[in-house]
Structures are given as structure tokens and as C-alpha cells.
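Please work through the exercises below with the sequence and the structure open beside you. Each task is followed by a solution that goes step by step.

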Amino acid sequence: MDFVYTKRSRNSALIEKDEIILWRRRYLQNIKKYREEGRHLYYLDETWVNAGDCTSKTWVDNTIKSYRHAFVQGLTTGSQNPSGKGKRLIVLHIGSEDGFVPGGLLCFEAKKTNTDYNEEMNGNTFFKWMESIIHRLKENCVIIMDNAPYHSVKCEKIPNKSTRKGDIIKWLEEKGEVIDRPMVITELLEIVNRIKPMHDKYAIDELVKTHNRTILRLPPYHCELNPIELAWSSVKNHVKMNNTTYKLSNVKQLLMEGIEKVDDTMWKNFISHTTSVEDKFYEVDFLIDEVLSAELQPTVLTLGNTSSDSEESN
């Protein structure tokens, strides 16, 4: 008998979906290529600020024991923190190593304050904003953004299994396909899938392409690869540190001041940090491969007579 005593071959490691890994690998390869080509890189993203945004900590004079004590001393106990977040501003901007793009700010008051800002943005608003600022971006540049739904509105709806058969046939004929015999939906969708790559396009990509610009989408769940997140952190910190009125008009002014403070030097540092994160992701992917593909060395246990046992018996 020749048994091998080893651990069960069951891998319980927490791993990413293959499509996320592939998206990240493509992104890292593309952005490296664009840098080598010397193309100017712009980063855009949305965020929000609330009228009630303020710091959670402050300096306190322990010698002041009460409001009256402060009043007698000619002092103040300061303004009270707001009871809620208050009204909200939705903010969209774009920047590069040269700083925020002048004239690139879009800022408007949210209709709701209890929902995510993504519900306030839509494809039409984003498209019009891009139309208004595209001429401010350098020729042959690359625009980097995430894959939010309003960033990824399609030029047209591609038929799928839920599309009526008549509409599928109409769409195919509009694309020049000849349907010269009776077909079932499965056959029609096979033709759709064959020509789909030629027509499945993003509206925003086609817009910037006409201006000799390129869109590069970040992989999902990778906000750390967008340096504008660091810029927004600095801007929001300025708002929180200086917000004393909790009025939306004043918060908007603080927002503008915070944006002005984030200069090209800060942007270069943010991009440098992000580039180092890209390098780490690139290397970590290979390390994970090695860990997951490493084979355990089995422990061999031989049952029965060994050669030495046989010799002793002789």
C-alpha cells in the first residue's frame, strides 16, 4: 500500500471576482501606457457637502465652568453643533497635475438630503457638463472616472432577452442585417451578439472621441486609484474646520475656498501617492497568484514492511 497523508484540497481563501481582477489589470496597463505616451491625465468625480458639516472635536477652556461664567468674562462658549446634516450641495469637478480645471466646477443644491448623491446626478446632467468643459481640457488627453451609471449611459439600447421579437427584428434591420427567413428569438439574439460590439457604446465616450480625447474607467470598488478623492478630503476638511454658521450659502463659499487651496503642488502629491498605490496593486496581484497556486507538500506515510525491516528479518 502507498497512502499519502495530506490536507484536503479545498481552498477557502477570500478572492476577488475574475472580472474585477481583469478590469484592474487592464486599467493598470492602460494608464501606464498613457503615461509613457506623455498624455495628460485628468481625474473627475462627484462628492457632496452638507450645511451641517463641522469638526467633531474642538479646543475647550477648562477654566470656564458655565455659560454665565463665560459671559461674565466677556467670552463665549461657541456655537452649538447643528442637530442634523442640513441641506446638501452636490459637487462635480475635474483636475490634473496642473490643479483643478478652471471653470470645471458644477455645484447645485440637492433636492433630498436623506439619499446618496448618486441619486441626484443623472446622465443628462453629466453629459451637458462634459460638453461645457471639454474644450478646457488639453488635446489628446485621457479622462479618468469611475463607472457610475450616469457616467455609463449607452448611445442606444441593445436588444436582449426581454426585448419584444418585433423590436429585435426592427433593430437588426436598422443595422443593415437581412432577416430573410423565420427565426426564433434565440437566433435573432445570436445575430445581435455578433454585431453588438459595433453598436454597444457609451454616449460620453463618443462625445469626447469627437474632440480627440479618451475615457478611461476605473475598476469598480477602487476609489483609492482616483487622486481627486484626496483633493476632496482636503476641501471637505477646510469646510468642516471653518463652518460656523451652518448655512448652505456660507458652506458653498467655504467649498470654493477649499478648492482654491488645493493647488498644483498638492495635486502632484496626490497623483504621486496614487501612482504608488497602482504599483502595489500590480505587484499584489502576482503575490496572490503565488499564494493561491502554491501546492502543499504532502506528508508520505508508507504502511507495511520497509527495506530495513526486511533485512532484520533475514
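Helices (H or I, at least four residues) and strands (E, at least two) are DSSP runs, numbered from the N terminus. The model used in these exercises is a predicted one.

**Exercise 1.** Find the helix in which Val 284 lies, and decide whether Val 284 is buried, partly exposed or exposed.

Solution. Begin with the helix: Val 284 belongs to α9, which covers residues 264-293. Next, take the relative accessible area of Val 284, which is 36%; since buried means under 20% and exposed over 50%, Val 284 is partly exposed.

**Exercise 2.** Describe the pairing of the rings of Phe 100 and Trp 267, and state which parts of the chain the pair ties together.

Solution. A pair of aromatic rings is described by the distance of the centres and the angle of the planes. The structure holds five aromatic pairs. In the pair of Phe 100 and Trp 267, the centres are 5.3 Å apart and the planes stand at 90 degrees, so the arrangement is edge-to-face. Phe 100 lies in strand β4 (residues 99-100) and Trp 267 in helix α9, so the pair ties together parts that are 167 residues apart in sequence. As for accessibility, Phe 100 is buried with a relative accessible area of 10%, and Trp 267 is buried as well, at 0%. Ring pairs also bring in Trp 232, which forms a cluster with Phe 100 and Trp 267.

**Exercise 3.** Locate Cys 141 and examine its neighbours.

Solution. Cys 141 lies in the loop between α3 (123-133) and β6 (142-145), and with 0% relative accessibility Cys 141 counts as buried. Leaving aside residues up to four places away in sequence, Cys 141 touches Arg 39, His 40, Tyr 42, Asn 212, Arg 213 and Thr 214. Cys 141 and His 40 are 101 residues apart in sequence, yet 4.8 Å apart in space, C-alpha to C-alpha.

Definitions and conventions
Residues numbered from 1 in each chain as written. Predicted model: local features only at pLDDT ≥ 70, side-chain atom pairs only at ≥ 80, totals over all residues. Heavy atoms only, no water. Buried < 20%, exposed > 50% of the residue type's maximum accessible area, 1.4 Å probe, protein only. Phe/Tyr/Trp six-rings, centres within 6.5 Å; stacked < 30°, edge-to-face > 60°. Contact = heavy atoms within 4.5 Å.
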